[in-house]
Amino acid sequence: MAWPTVWFALWTLAVPTLAFPISQQHVLSIPKTPVNGSEPNFASKTPYPAPATEPSTLEGYHLEQVQMVLRHASRAPTKPGILDMRALQKHITSSPSLRAEYEWIRQWKPMYMDEEGLLTASGEREAWLLGTRFKGRYRSLLQANAYYPHFFRFISSRSPRSFLTGHFFASGLFSQNKGEACHDVPSHGTYIRTVDHSDSHITNPHGSCPEWKKVAKSQATRTLLKEAMHEHLGPIAERLGQEIGVSLRGDDVWTIYHLCAFGHLVPEDESNETKRFCALLSDGDFEKVSYVADLRSWAKVGYGELNANLGCAVVTDVIDSMNSRNIMDVRLGHSETVVAVLRALGIYGEAGSRPDVPPADWRTSDIIPFLANVVFELYSSPVSSDTFVRVLHNERPVTVPGCPIRDDSLCEFNTFQAVVKQRGLLNCKVEDMCHDKTSNDVDLNTFIISL
């Protein structure tokens, strides 16, 4: 059952046996993870990297409309992650051979289950800051058009973290002043419509696709990821186990990596024992775990024809909105939502041909950090009837393959629509695609058997 549509007054909310060799080209190009630095690299758990230089709207053109696709901001671990963290602590501290210098793990307190999957304080601020930047960037559009829910459409997955990202983003976008607090009172309430995961091909294209679920949970996919984990993280687990005096597995290294990642989301002024787990891994370890994270993402949501087309409903919705009177649409989803759009447009992953080797451009820390976003700006020309589209990924202009390469990254709207249509994305039949019995599940099984 879908969640009800919500009229939300922002000021009233209180939010408390296979071996897959590592692609050397991929690993060697991954930047070192500054574990104790201000810009950590934790694959899809990376905090949002706000641009040092903010792009502005284009001079010489009139901004008509803005379309957005947003991932939720930084969140706490979900229930499975918290259970893994507790299990790791129990395993380590129950060992009589645990070395004295690691006794601190015994006193470490895992996150409460009540917090699972919710936005962190840093996530609330991320979303609010993005809203304030967009308020400045699109000031002329916002000032020229009074807020009406029909023309400023907010649609969210039913997940509280996506919905609340919309709340804090809107509180920054429509704030009345230049305050520094993400609880600033906005100028009006904002209508945010929520849809159930199983019903929305726009906010949750993968989760609403039964055929994709079958592929992602297939034995072939599980085998690929299990063996990749063992191959790449097993040696780290063996070395680390000898260091702390406890037998560890590759899965434990994966959990330690995420403990470090989530530790970086806690404000610096708070006691943060979780970040101490970072010291257990070297820079080289982080490179390898980041590679496995990229591989997992690629195998599940990047590789194959199905993944390349799942974003068609989102792209169609963007095109339809551009042909309407809408002023600004904000689609609030998950990392998979952003991946689906970028993959469908061919901006990333076009060179990938094997499920076990992510293409060189598949860096989840760059593609889908927390609060990852894709923005479509629609411009009109003051000297002709032509309209143009500019696409930005994480606030940086990108060129859609098939559009001409220009310094201003503009693509004539008719050309953009033609590119989308040529890729089979316009008005696609997602229901047929998601119940097709001949999916890349067969390709993946055949690939593994052939090895």
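**Exercise 1. Find the volume of the largest cavity, and name its lining.**

Step 1. Start with the term: on a 1 Å grid over the protein atoms alone, a cavity is a set of points where a 1.4 Å probe fits but cannot get out, and lining residues have an atom within 4 Å of a point. Volume is the space filled by probe spheres set on the points, which are joined across faces, edges and corners.

Step 2. Read the volume: the largest cavity holds about 40 Å³ of space.

Step 3. List the lining: Val-389, Val-391, Val-398, Thr-399, Val-400, Cys-403, Pro-404, Ser-409, Leu-410 and Cys-411. S7 and strand S9 (410-412) are the elements that give two or more residues.

Step 4. Sort by class: eight lining residues are nonpolar, two are polar and none is charged.

The model is predicted: local features need pLDDT of at least 70, side-chain atom pairs count only at pLDDT 80 or more, and totals for chains, interfaces and linings use all residues. Residues are numbered from 1 along each chain as its sequence is written, and side-chain values use heavy atoms, leaving out hydrogens and water.

**Exercise 2. Describe the largest nonpolar core.**

Step 1. Such a core is a set of buried Ala, Val, Leu, Ile, Met, Phe, Trp, Tyr and Cys residues joined through side-chain atoms within 4.5 Å. Buried means under 20% relative accessible area, exposed over 50%, partly exposed in between (1.4 Å probe, protein chains only).

Step 2. The largest core has 46 residues. Among those with the most contacts inside it are Val-389, Val-391 and Val-400.

Step 3. H12 supplies the largest share of this core, seven residues.

Step 4. Take Val-389. Leaving aside neighbours within four places in sequence, its contacts (heavy atoms within 4.5 Å) include Met-322, Phe-376 and Phe-416.

Step 5. A second, separate core has 44 residues, including Leu-225 and Ile-236.

**Exercise 3. Classify the pair of Tyr-61 and Phe-388.**

Step 1. Apply the rule: rings of Phe, Tyr and Trp (its six-membered ring) pair if their centres lie within 6.5 Å; planes under 30 degrees apart are stacked, over 60 edge-to-face, the rest tilted. The count comes to 18 aromatic pairs.

Step 2. The centres of Tyr-61 and Phe-388 are 5.6 Å apart and the planes stand at 75°, so the pair is edge-to-face.

Step 3. Tyr-61 lies in the loop between helix H1 (24-28) and strand S2 (62-71), and Phe-388 in strand S7 (residues 387-393), so the pair ties together parts 327 residues apart in sequence.

Step 4. Check accessibility: Tyr-61 is partly exposed at 27%, while Phe-388 is buried at 9%.

Note on methods. Helices (H or I, at least four residues) and strands (E, at least two) are DSSP runs, numbered from the N terminus. On a 1 Å grid over the protein atoms alone, a cavity is a set of points where a 1.4 Å probe fits but cannot get out, and a pocket is an open set with protein on both sides within 12 Å along at least five of seven lines; lining residues have an atom within 4 Å of a point. Ala, Val, Leu, Ile, Met, Phe, Trp, Tyr, Cys and Pro count as nonpolar, Asp, Glu, Lys and Arg as charged, and the others, Gly among them, as polar.
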